[in-house]
Amino acid sequence: MIILYFLIGVLASFIGALPLGASNIAVINTTIKQNAKQAFKIALAAGVAEVALSYYALHCNMVVKDFFDRNMWVQILIAIILIAVGLFLSFKKSKEKTPKKPKLTSSKYATGFLLGILNPPVLIYWIVAFGIINNNDLMLSLGSPLLVLFLFFAGVYLGKLLTLYLYSKFSITLKSKVQNINSVVNKVTGVLLIIIGLAQAIKIAL
């Protein structure tokens with residue numbers, strides 16, 4: 001049962017890292033223009049930033065959870081929004097030009113960490129994610145056993161690392177089909193959000 005927290009950490013981090021953000025773009029560009037080894041340095045540091053943001057979100061989560069418990073309409077609204085955004089992303093058609101890699105510093109480790117940590121939408125995502133996790137018979141807080149926290153945050157790190165690794169691995173292919181990057185990512189993210197939204201709606205109904 002305890003390993004479930006590790007798997008949840010991996011899945012939640014993987015979903016949160018799927019959208020084409022600054023870290024993903026940096027990894028793609030570095031792989032294409034330099035090599036996968038340099039891109040992996042960005043991924044390693046971005047994973048640390050993801051853990052830091054998720055830790056801070058967990059710190060704030062109990063206040064958010066209490067608010068959710070007192071306001072059932074918020075949980076219903078979140079489920080509706082997740083499904084609506086998922087449907088929008090699934091059917092959205094977009095074309096995008098090759099993005100330029102943000103140039104913050106020459107150090108790949110520093111670049112990965114800064115691009116990962118300076119990302120407010122990710123913080124919001126984790127606050128919402130913890131709200132959903134704790135509303136599904138799983139209690140996760142800073143007061144949880146150390147092993148539970150370790151496994152969860154290890155999962156968060158691995159999930160982020162895995163997502164960026166996959167972006168790096170397929171960046172050459174993505175380069176030749178750059179017009180379709182957002183379309184593919186949107187569809188995958190959309191389907192995942194719809195599934196989560198439906199699961200949340202079913203949980204509320206029961």
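**Figure 1. The buried pair F130 and F152.** In this predicted model, F130 and F152 are both buried. The relative accessible area of F130 is 0%. The rings of these two residues form a tilted aromatic pair, with 5.5 Å from centre to centre and 45° between the planes. Since F130 belongs to helix α6 and F152 to helix α7, the pair ties together parts of the chain that are 22 residues apart in sequence. Leaving aside residues up to four places away in sequence, F152 touches Y5, F6, I8, G9, W126, F130, I133 and L140.

**Figure 2. W126 and F130 within helix α6.** A pair of aromatic rings is described by the distance of the centres and the angle of the planes. For W126 and F130 the centres are 5.6 Å apart and the planes stand at 35°, which makes the pair tilted. Both residues lie in helix α6, and because they are four residues apart there, about one helical turn separates W126 from F130. W126 is buried, its relative accessible area being 0%.

**Figure 3. The aromatic cluster.** The structure contains six aromatic pairs. Ring pairs join Y55, Y125, W126, F130, F152 and F153 into a cluster. Among these pairs are the tilted pair of W126 with F130 and the tilted pair of F130 with F152.

Figure 4. In soluble globular proteins, nonpolar side chains tend to be buried together. The largest nonpolar core of this model comprises 18 residues, and W126, F130, L140 and F152 have the most contacts inside it. Helices α1 (3–17), α3 (36–70), α6 (120–134) and α7 (146–169) are the elements that each contribute two or more residues to this core.

**Figure 5. The packing of helices α2 and α5.** Two packed helices are described by the angle between their axes and the distance between the axes. Helix α2, spanning residues 22–33, packs against helix α5, spanning residues 108–117, at an angle of about 150°, and the axes are 8 Å apart. The two helices, α2 and α5, are therefore roughly antiparallel to each other, as angles over 145 degrees are counted in that class. On the side of α2 the contact is made by A22, S23, A26 and T30, and on the side of α5 by K108, G112, L115 and G116. Sorted by class, this contact of α2 with α5 holds three nonpolar, four polar and one charged residues.

**Figure 6. V128 and N61.** V128 is a residue of helix α6. With a relative accessible area of 27%, V128 is partly exposed. The C-alpha atoms of V128 and N61 are 8.5 Å apart in space, while the two residues are 67 residues apart in sequence.

**Figure 7. The chain as a whole, as context for the close-up views.** The secondary structure of the protein chain consists of nine helices and zero strands. From the N terminus on, the order of its elements is α-α-α-α-α-α-α-α-α. Of the 206 residues in the protein chain, 44% are buried. Among contacts in the protein chain with a separation of 6 or more, 86% are between residues 24 or more positions apart.

Conventions
Residues are numbered from 1 along each chain as its sequence is written. This is a predicted model: local features need pLDDT of at least 70, side-chain atom pairs count only at pLDDT 80 or more; totals for chains, interfaces and linings use all residues. Side-chain values use heavy atoms; hydrogens and water are left out. A nonpolar core is a set of buried Ala, Val, Leu, Ile, Met, Phe, Trp, Tyr and Cys residues joined through side-chain atoms within 4.5 Å. Buried means under 20% relative accessible area, exposed over 50%, partly exposed in between (1.4 Å probe, protein chains only). Contact means heavy atoms within 4.5 Å. Axes are lines fitted to C-alpha atoms, for helices over the stretch in contact, and angles run from 0 to 180 degrees between N-to-C directions. Angles under 35 degrees count as roughly parallel, over 145 as roughly antiparallel, 65 to 115 as roughly perpendicular and the rest as oblique. Ala, Val, Leu, Ile, Met, Phe, Trp, Tyr, Cys and Pro count as nonpolar, Asp, Glu, Lys and Arg as charged, and the others, Gly among them, as polar. Rings of Phe, Tyr and Trp (its six-membered ring) pair if their centres lie within 6.5 Å; planes under 30 degrees apart count as stacked, over 60 as edge-to-face and the rest as tilted.
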